[in-house]
Amino acid sequence: MSNHIITNSRKMLRQFRRPIVAGLSIAVLGVSAAGVAYANTGSSETEETLPPADITHIANAEPFDSALLAALNDNGDGELWRPDALDEDERPEIPEPEPEPEPEPEPEPEPESEPEEEQSSPAPPTAADGCDSYSGNRLIACNMLGDFGFGGDQFSCLDNLWERESNWNETAQNPSSGAYGIPQSLPGDKMASSGGDWQTNPATQIHWGLGYISDRYGAPCAAWAHSEANGWY
């Protein structure tokens, strides 16, 4: 008896629970749908769609009228103020731009030094005053006196000195000492300082001889006095 009652009670509970579960499911679905609809509706109502920028917004703008300009200007004038509307003495001074400094000129390059030329032999001078009575090697020597600061009065001493030494012969050579040329240079190649042709050119030998006399004795007459006293100079 008790088992039959329990079985019938379970069947009744099953039948009663089915409509309740179905009702709850429908209620949940309704709430979800309502929420989605509200969300979509709220989004569309709160967002503001702005029109794209267009040049017509500027073209259609209304210009300033005279009443507005008069209110903006202190003097009640209904026109726009322009700088060129002022008198010349009332216009503000606009400073002129300072001129740009001129670039400094670049320094000119120094000229390259030319290579020193090899020392050439002195050219035979032309006849000087008081030397026209001489010829040959004597004339060359007389014209060179002024180059070493010697006066014409020194030539007679020079003539006596080199007449004794070599008889004015540019190829004269002392067999015992080896002295060579008109001034009897010892050794002879010392005269190469005046020219490479010292062995044959009398002008080269005379130039060297006058320089030697100037450095050692100061003048031909002093060299001649030393030669007279010692037999050599």
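Arg138, Asp159 and Glu163 are joined in a network of salt bridges, a salt bridge being a side-chain nitrogen of Lys or Arg within 4 Å of a carboxyl oxygen of Asp or Glu. The structure holds three salt bridges. The model is predicted, so local features need pLDDT of at least 70 and side-chain atom pairs count only at pLDDT 80 or more, while totals for chains, interfaces and linings use all residues. Residues are numbered from 1 along each chain as its sequence is written, and side-chain values use heavy atoms, with hydrogens and water left out.

- Asp159 forms a salt bridge with Arg138, and the closest N and O atoms are 2.9 Å apart.
- This pair links distant parts of the chain, with Asp159 in helix 5 and Arg138 in helix 4 (residues 136-144), 21 residues apart; helices (H or I, at least four residues) are DSSP runs, numbered from the N terminus.
- Arg138 also forms a salt bridge with Glu163, where the closest N and O atoms are 2.4 Å apart.
- Here too the pair links distant parts of the chain: Arg138 lies in helix 4 and Glu163 in helix 5, 25 residues apart.

**Accessibility in the network**

- Asp159 counts as buried because its relative accessibility is 18%, where buried means under 20% relative accessible area, exposed over 50%, and partly exposed in between (1.4 Å probe, protein chains only).
- Arg138 has a relative accessible area of 26% and is therefore partly exposed.
- Glu163, at 35% relative accessibility, also counts as partly exposed.

**The salt bridge between Glu228 and Arg164**

- The side chains of Glu228 and Arg164 meet in a salt bridge, at 2.9 Å from N to O.
- The two residues are 64 apart and link distant parts of the chain, Glu228 being in helix 7 (residues 220-230) and Arg164 in helix 5.
- Glu228 counts as partly exposed because its relative accessibility is 47%.
- Arg164 has 40% relative accessibility, so this residue counts as partly exposed.

- Ser185 is found in the loop between helix 5 (155-166) and helix 6 (202-216).
- The relative accessibility of Ser185 is 1%, so Ser185 counts as buried.
- Leaving out residues up to four places away in sequence, Ser185 touches Gly178, Ala179, Tyr180, Lys190, Met191 and Trp208; contact means heavy atoms within 4.5 Å.
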